[in-house]
Every structure is written in structure tokens, then in C-alpha cells.
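This briefing covers strand pairing and aromatic contacts in one protein model. The sequence and structure come first, and the notes follow by topic.

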Amino acid sequence: LGLTPSPSGEESVLNYRSGKSSLMVYVSEFAGTNEASAVTWIVDDVDRVVRQLKPKGVVFEHYDFPGTTRKGDVHFAGKLKNAWFKDPDGNILAVVSSSP
């Protein structure tokens with residue numbers, strides 16, 4: 001995902017940097033139980049991100065939401081683009097276009 005590890009100071013917590021943002025990952029007994037996106041990245045080019053992640057083994061989810069269409073792994077809601085995938089614990093992660 002292009003994340004750079006950074007120190008957390010806690011045994012069960014991992015911190016990562018991505019650009020100017022940071023992401024904290026921690027152990028939870030509720031991992032994988034959320035049926036909505038747990039993390040969303042706003043990106044300039046969803047298609048490019050999907051093309052970069054697929055060769056790394058990321059499998060994208062396909063959903064049938066009202067008012068959306070899909071081309072490959074990218075969902076369109078008007079001009080807004082979305083792509084979803086799951087982490088190893090089953091949490092839903094998303095990349096969404098920064099502007100329609």
C-alpha cells in the first residue's frame with residue numbers, strides 16, 4: 001500500500017506514514033466485524049491505484065449498490081470513483097477519487 005513504518009512505542013500498535021498522513025493499526029477483538037469501510041484513502045487517480053495494487057495480490061471487492069456501475073474493479077457513482085478491498089482480517093478498505 002506504500003506505507004512506511006514509524007515508531008509506535010506500544011507492543012500491540014503499529015504506526016505507518018503515507019505522504020502527510022499517518023495510520024495506526026492495533027489489535028482488536030472486533031477486527032473484521034464492520035460491514036462498512038474501516039479506512040478510506042482519498043486519491044487523485046483510483047484507476048492508477050487499482051493498477052498498482054493488483055500485481056501485489058490485492059483482490060478487489062465488487063458490490064451492487066443502487067445508482068452505481070462498475071468497470072473492472074472500479075465502481076462509479078456519477079463521476080465519483082470507488083474501489084474496495086479487504087485486509088487479512090476482513091476489514092473493508094477503500095480508495096475514493098478526490099474529486100468527481
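Rings of Phe, Tyr and Trp (for Trp, the six-membered ring) count as a pair if their centres lie within 6.5 Å; planes over 60 degrees apart make the pair edge-to-face. By that rule, a search of the whole structure finds 4 aromatic pairs. The model is predicted.

**Aromatic pairs**

- Phe60 and Phe85 form an edge-to-face pair, with 5.6 Å centre to centre and 70° between the planes.
- This pair links distant parts of the chain: Phe60 lies in strand β5 and Phe85 in strand β8, 25 residues apart.
- Phe60 counts as buried because its relative accessibility is 7%, and buried means under 20%.
- Phe85 is buried as well, with a relative accessible area of 4%.
- Phe65 and Trp84 also form an edge-to-face pair, at 5.5 Å centre to centre and 70° between the planes.
- Here too the pair links distant parts of the chain: Phe65 sits in the loop between β5 and β6 (69-71), Trp84 sits in strand β8, and they are 19 residues apart.
- Phe65 has 40% relative accessibility and so counts as partly exposed, whereas Trp84, at 12%, counts as buried.
- Tyr63, Phe65 and Trp84 form one aromatic cluster.

**Pairing around strand β8**

- Strand β5 (residues 60-61) and strand β8 (residues 80-86) run antiparallel and are joined by 2 bridges.
- Phe85 is the bridge partner of Phe60 in β8; these two residues also form an aromatic pair.
- Strand β7 (residues 74-77) pairs with β8 in the antiparallel sense over 3 bridges, and His75 has Asn82 as its bridge partner in β8.
- The hairpin of β7 and β8 has 2 residues between the strands, and Gly78 takes a positive phi near 70° in it.
- Strand β9 (residues 92-97) runs antiparallel to β8, with 5 bridges joining the two; Leu93 in β9 stands opposite Phe85.
- In the hairpin of β8 and β9, 5 residues lie between the strands, and Gly90 takes a positive phi near 90°.

**The β1-β2-β3 sheet**

- An open sheet is formed by 3 strands in the order β1-β2-β3, with antiparallel pairing.
- Its edge strands, β1 (4-6) and β3 (21-26), each pair on one side only.
- From one strand to the next, the twist averages 35°.
- Strand β2 (residues 13-18) pairs with β3 in the antiparallel sense over 6 bridges, and Asn15 stands opposite Met24 in β3.

Notes:
Residues are numbered from 1 along each chain as its sequence is written. This is a predicted model: local features need pLDDT of at least 70, side-chain atom pairs count only at pLDDT 80 or more; totals for chains, interfaces and linings use all residues. Side-chain values use heavy atoms; hydrogens and water are left out. Two strands pair if DSSP finds at least two bridges between them. Helices (H or I, at least four residues) and strands (E, at least two) are DSSP runs, numbered from the N terminus. Axes are lines fitted to C-alpha atoms, for helices over the stretch in contact, and angles run from 0 to 180 degrees between N-to-C directions. Rings of Phe, Tyr and Trp (its six-membered ring) pair if their centres lie within 6.5 Å; planes under 30 degrees apart count as stacked, over 60 as edge-to-face and the rest as tilted. Buried means under 20% relative accessible area, exposed over 50%, partly exposed in between (1.4 Å probe, protein chains only).
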